[in-house]
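Please keep the sequence and the model at hand while reading.

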Amino acid sequence: MLSALGLTLGKMLQSQQGAAFGAVRSFASQAHNPAVFIDATTKVICQGLTGKNGTFHTQQAIEYGTQMVGGVNPKKAGSVHIGLPVFASVAEAKRETGCHASVIYVPPAGAAAAILEAVEAELELVVCITEGIPQHDMVKVKRIMATQTKTRLIGPNCPGIIKPGECKIGIMPGYIHTKGRIGIVSRSGTLTYEAVFQTTAEGLGQSTVVGIGGDPFNGTNFIDCLERFVKDPQTEGIIMIGEIGGTAEEEAAQFIIDSGTKKPIVSFIAGTTAPPGRRMGHAGAIIAGGKGKASDKIEALQAAGVTVTASPAGMGAAMKKLFRATDDDFVTNNDKAFILKALQAEQRIDGRRLYDYRKLRITFSLDDGSCTVRLGDTRVMSSVLGTLEAPYAERPQEGPIRFNVELSPMASPAFEAGRPSEEANELARLLDRALRQTRAVDQEALCVLAGRKVWALRVDTHVLDHGGNLVDACVLSALGALMAFRKPEVEVGGESGTEITVHAPEVKEPLPLTIHHLPVSITFGFFEGGNVVLVDPSLKEAAASEGSATIMMNPNNEVCAVHKAGGVGVSSSQLFRCVRLAATKAHELVAQLKSALEAHSVARVRARVRRHTPAQPMATGHLPGDGTARAAMEVDAKAAELGIDMDDADDEPSSSGDGAAAAGTATTAGAAAAAAAAVAGGAKRKAGGGGAATLKAPPPKLKAPTPAAVAGAGGKGGKAKAAAAGSRRQPDVAYDELEAIAAVIAGAGGGGGGGEEAVAGLADAVKPKAAAAAAKKQVGKKK
């Protein structure tokens, strides 16, 4: 057998054609290029197929689904064994089958020659399971392997390599492996199975498992595997199992530092209690020359940010803990199975039905007009900033609209402060696509002086809490902020005719933007190959889904854009189904947004009245002489007399999914107008009785609470009854009516007489349509 090794070495040396032994031989890459050495397309042959071990483990590989295409045995060439053809050489097997890899079950004396034969045939991967190969032979193999880059050797003395559910090359039991997200590389075969079992039990699964072997002269080391794991998108975490002896673990720690990878890594070092100079298990597991101590390896790995466990029993739990600490949307295989089982019963883990949105709440700030959207556990705030600047040369009459998204570290541990992430940039692009490219906002209306000055809008969106479906929440929040934004009134004139004067809000009321339509986004999650579709996926549902799609629509049933973010494909019938669902949801979302904006308008008018009312202390029973303050205080006093809490109008307006806030908005608006009308009517009656001021205002046009309701306010619970009766009978007051009320109050001059006239004018400011509708309703009730 040594002579066979010598012949093979001679052939390898002759192939160099006199080149220096240290020269590297490289070849063109093939189409077969798996992420981590093997995948479902890998074709495998077996060297030593007809032997006992080769027969057993090849049958196991075939049953697992591996593409075993043949075997090699020069003495039985041309025969068929367990349904596979037997070839005389590896080169012949490659020529006939197109194989990519070989697994070796040859006895130790001939294993080195078998490795070199596969290298000579230029196979991509050689996995040597054989244990006990003479180290003198492996030194020669190691030297030959260094002269080429075509073939990779895993082993010897290793359990092999497996990609769960796709390909198994080696002796590992396939049933303990599950497809998942953890890459495992180990020098120990037994501890490899332990790590696999734990990650399966924790619901993490494995992306690829590589047993590199514990011999001192092996073909693949930790760094070779770590390079692949770091680049592999399926591998989200890494478990590295080392042992005493050598410096492979220290070198791997330095590679982890240099790579800058953010993937969580867990490690265990075997042999912490081994005495120096004594070999423990593997030939390479020995502390010699002061190198290879477990303490040195652990220290190097911890300095690289690796979590090192004290016991092999804690590897799986440590990895799961790292995932939960760094990733909000982390779900295990067990979580996925539970979600899928619930969806099969048309239920969701949070109690919703398949097409239900989470509870939606929209609020606006009176300070800066920012819009905050809370969608379940997701919370997003958007604000708009307008500045005057020169327009783009190619669009001199259009104001630009820019979108910026910030993912706050408070929202998720996965978000980092500072430079925008790719996810933030993707959200900003979707906002631009939904709100600018669809021409929702009239950009020409932002022009102040063509070619000179335009209003430039910047929409800043901040993700405050990440509970899933950021796209829908961000689009709704940005749209609400644009609807609430008011640009200052601008005049162009002066001697040159190009002087621009920007008026403060106290001088001239700011103007809203011109918005042509209201596009919103509706996101769908797909499961079971797209056969199961749900609306508004939560964080865990999105992580467990097979794909997603976002449809942007307006209430006119116009599809503004469709965004497919990868994953499972969507057929035309599924797309039309999603469009129909999106049309319904778009109407609901826009209705809630309008309701919240109307509540914000009411509160803004109320704030405008208060802004024109100077805060002056006064004694009980006395009103200040200023007409504006007197009017505002009389409105509040009358509201208190009628049992109406006017402080509700000062609260932050909102609209929730159950519609309660929308009803409260109408009630508050009606209460404000009723109180104002009642004050005006009282002032008229007082003047008719011989007062100093003569008020000629017509009777109040708004219906106040009935006398019975007012009388009931004095009894037990009367205030609540009066408020309830008033809210049932108050007509809806439109925003322009409240604007008129505020304008009358704000325009009142100083002095007592002017103040009373302004109070009388409150009733005139309200349109009679609301009173007429209420009167008609009252007549119907009497009948």
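A residue counts as buried when its relative accessible area is under 20%, and as exposed when that area is over 50%. The model is predicted. By that cut-off, 50% of the 783 residues of the chain are buried.

**Chain overview**
- The secondary structure consists of 22 helices and 29 strands.
- Among contacts in the chain with a separation of 6 or more, 73% are between residues 24 or more positions apart.

**Helix 9**
- Helix 9 spans residues 294-303, and its buried residues are Ala 294, Lys 297 and Leu 301.
- Viewed down the axis of helix 9, these buried residues fall within an arc of 65 degrees, so they line one face of the helix.
- An α-helix has 3.6 residues a turn, so residues three or four places apart point the same way.
- Glu 299 and Ala 303 are exposed, on the face of helix 9 turned away from its buried side.
- The packing partners of the buried residues of helix 9 are strand 12 (237-243), helix 8 (248-259), strand 13 (265-270) and strand 14 (307-308).
- Gly 305 follows helix 9 and has a positive phi, near 85 degrees.

**Helix 8 against helix 9**
- The axes of helix 8 and helix 9 cross at roughly 5 degrees and come within 8 Å.
- Angles under 35 degrees count as roughly parallel, and helix 8 and helix 9 are therefore roughly parallel to each other.
- Helix 8 contributes Ala 248, Glu 249, Glu 250, Ala 253 and Ile 257 to the contact, while helix 9 contributes Asp 296, Lys 297, Ala 300, Leu 301 and Ala 303.
- By residue class, the contact of helix 8 with helix 9 has 6 nonpolar, no polar and 4 charged residues.

- An open sheet of 7 strands shows mixed pairing, in the order 3-4-2-1-5-6-7.
- Strand 3 (80-81) and strand 7 (152-154) stand at the edges with a single partner strand each, so one side of each has no neighbour in the sheet.
- Strand 6 (residues 125-128) runs parallel to strand 7 and is joined to strand 7 by 3 bridges.
- Val 126 stands opposite Leu 153 in strand 7.

**Helices on the sheet**
- Helix 2 (residues 52-64) packs on the sheet and touches strand 1 (43-47), strand 2 (67-72), strand 3 and strand 4 (84-87).
- The direction of helix 2 makes about 160 degrees with that of strand 2.
- Helix 3 (residues 90-97) lies across strand 1, strand 2 and strand 4, and runs at about 155 degrees to strand 1.

Key: Residues numbered from 1 in each chain as written. Predicted model: local features only at pLDDT ≥ 70, side-chain atom pairs only at ≥ 80, totals over all residues. Heavy atoms only, no water. Buried < 20%, exposed > 50% of the residue type's maximum accessible area, 1.4 Å probe, protein only. Helix = DSSP H or I, 4+ residues; strand = E, 2+ residues; numbered from the N terminus. Arc of directions from axis to C-beta. Contact = heavy atoms within 4.5 Å. Pairing = 2+ DSSP bridges. Axes fitted to C-alpha atoms, helices over the stretch in contact; angles between N-to-C directions. Parallel < 35°, antiparallel > 145°, perpendicular 65-115°, else oblique. Nonpolar A, V, L, I, M, F, W, Y, C, P; charged D, E, K, R; others polar.
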